[in-house]
Amino acid sequence: MALLSTIRGATWGRLVTRHFSHAARRGERPGGEELSRLLLDDLVPTSRLELLFGLSPCLLALRAARRSVARLLLQAGKAGLQGERAELLRMAQARDIPVLRPRRQKLDTMCRYQVHQGVCMEVSPLRPRPWSEAGEASPGDDPQQLWLVLEGIQDPRNFGAVLRSAHFLGVDKVITSRRNSCPLTPVVSKASAGAMEVMDVFSTDDLTGFLQTKAQQGWLVAGTVGCPRAEDPQSSEIPITSCLEFPWDRPTLLVLGNEGSGLSQEVQASCQLLLTILPRRQLPPGLESLNVSVAAGILLHSICSQWKGFPTEGERRQLLQDPQESEGLSVAQHPGLSSGSEKERQNES
């Protein structure tokens, strides 16, 4: 029975591709009546694959071509596909990827009711690469290098949001601890708006050893802590500095800790400096810290705004007034990594 289902899936996948080819030659928009005449596959799950969901994660995964793709699943509908959904269809056709049209209820069940926007793909998993493959970067090469180091981030949505901010703000590399850290799951990719699909994420079994090695090479290892209270005794001899007063004048590793417990004692002891975000009011117990993804965005922006290539105030105003004519001022971004475009995609689903 399983073999029959597999054969049926492959047969209908080839049929879909053939229909798209005929439509393209006739100059028609992909989708529409051609798709409505195709029978739906029974969507038997395939082994050793995971279900990537959401428009931006699937589109960026196809563009990056780092995953093997078994099938593209597009929500069945009467209207033809437009914009980025049509691009997904054309890219799948070019790579001979079977395309199926299940109904929304089936996609909801397969995605366990995550927000899939009518787009899913069966893909091979992504794994973090060993940090030894990150390549050696000498501090003398560029004094404004910034690597983000994550210890024990466990919530996939936090992890994804951190990756999105890191990609947007120009972090050079991301290193995670292999132990007690969230893997690179489809939920992480969706929370990152697909940034995970285009970023290189590295990992290490010995985070403390990695930090000490980089410090010996001349890198500054800057940990992060919550806002210290006046009544708390100084628990560490490592200096604590507001992120707004931190001068970024040498290659830096910014180290963020676990959502609940922060940095471990071993990792904190390997830091040369601790950065904190100061609040603007007195805070009651329990509110002295921020969500790790929010803190990551604030810390990274406070550091990256010192980058020598960061737009000046006048350039920023020009970008806001006419982004199309501000060549060379904006950092190249992948579609789906800005809040406005994501809201538009949510409305399409």
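Reader: Hi! What should I know about the model and the numbering?
Author: It is a predicted model, where local features need pLDDT of at least 70, side-chain atom pairs count only at pLDDT 80 or more, and totals for chains, interfaces and linings use all residues. Residues are numbered from 1 along each chain as its sequence is written, and side-chain values use heavy atoms, with hydrogens and water left out.

Reader: Great. What is the strand order in the open sheet of eight strands?
Author: The order is E5-E8-E7-E6-E11-E9-E12-E10, with parallel pairing (two strands pair if DSSP finds at least two bridges between them; strands are DSSP runs labelled E of at least two residues, helices are H or I runs of at least four, and both are numbered from the N terminus).

Reader: And which are the edge strands?
Author: Strand E5 (129-130) and strand E10 (240-242), each pairing on one side only.

Reader: How many bridges join E9 to E11?
Author: Three, between residues 220-224 of E9 and 252-256 of E11. Valine 221 stands opposite leucine 253 in E11.

Reader: Switching topic: where is serine 189, and is it buried or exposed?
Author: Serine 189 sits in helix H7 (residues 186-191). Serine 189 is buried, because its relative accessible area is 0% (buried means under 20%, exposed over 50%, partly exposed in between, with a 1.4 Å probe and protein chains only).

Reader: Nice. What about isoleucine 298?
Author: Isoleucine 298 belongs to helix H11 (residues 292-304). With a relative accessible area of 34%, isoleucine 298 is partly exposed.
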